[in-house]
Amino acid sequence: MAREFDPLVGICRCGRTRFQVSAPPLITAACHCRGCQRMSASAFSLTAMVAATTFRVLEGEPVPAGVQGNGLAHFCCPHCKSWMFTRIDGVPEFVNVRPAMIDDPAWCVPFMETMTAERLSWARTPARHSYERFPSMEDLPGLMQAFSDHLAVNGGVP
Ligand SMILES: [Zn+2]
Ligand SMILES: [Zn+2]
């Protein structure tokens, strides 16, 4: 039997918008692309990919953010504009939440990193899998399995 999983709660900077994730994320990642650098105002973005069925907004009404119409639907808190989660067009089964919103910082540890071709020269992460661009959709199930195995031996955290 799997252990009970305490839901993760993500809270924006001002506290008006909250989301909940009721099962362990499927994988965590850092993205080094220039778009993520601009969007996050930092060296890279952090993601925890979760099953859409385990995700819900608890409080607030997140509004669209970032570049619109490039296949990614980003959402932020309407008040403080914190970037909170992203939905991918045509892939409704997953939501990419920003783990920096979650109280437990463990979920910020990236298991894989993407777009290292655009990585800032000094930026390093502890990711175990590294991609110059993105893994293919065919690679994803294997990566998720590896992440799940990793959680199992690492006390349930990345
Ligand atoms: Zn807010
Ligand atoms: Zn990116």
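Tutor: Start with valine 9, whose bridge partner in strand E2 is glutamine 20. Before going on, note that this is a predicted model, in which local features need pLDDT of at least 70 and side-chain atom pairs count only at pLDDT 80 or more, while totals for chains, interfaces and linings use all residues. Residues are numbered from 1 along each chain as its sequence is written, and chains are lettered from A and ligands numbered from 1 in the order in which they are written.

Strand E1 and strand E2 (residues 18-21) run antiparallel and are joined by four bridges. Strands (E, at least two residues) and helices (H or I, at least four) are DSSP runs, numbered from the N terminus. Two strands pair if DSSP finds at least two bridges between them. E1 and E2 belong to an open sheet of three strands, with the order E1-E2-E5 and antiparallel pairing. Its edge strands are E1 (8-11) and E5 (55-59), each pairing on one side only.

Now follow the chain past E5. Glutamate 61 lies in the loop between E5 and strand E6 (63-65). Why is glutamate 61 called exposed? Because it has 11 other C-beta atoms within 10 Å, and a residue counts as exposed with 12 or fewer, buried with 20 or more, and partly exposed in between, using C-beta atoms placed from the backbone.

Six of its seven residues are buried, so E4 is largely enclosed by the rest of the structure. Strand E3 (residues 27-31) runs antiparallel to E4, with five bridges joining them; here threonine 28 stands opposite alanine 48. E4 is also joined to strand E9 (residues 91-97) by four bridges, again antiparallel, and valine 50 has valine 95 in E9 as its bridge partner.

Finally, step back to the whole chain. It has two helices and eleven strands. Along the sequence they follow the pattern β-β-β-α-β-β-β-β-β-β-β-β-α. Of its 158 residues, 32% count as buried. Along its principal axes, the C-alpha trace spans about 40 × 40 × 30 Å.
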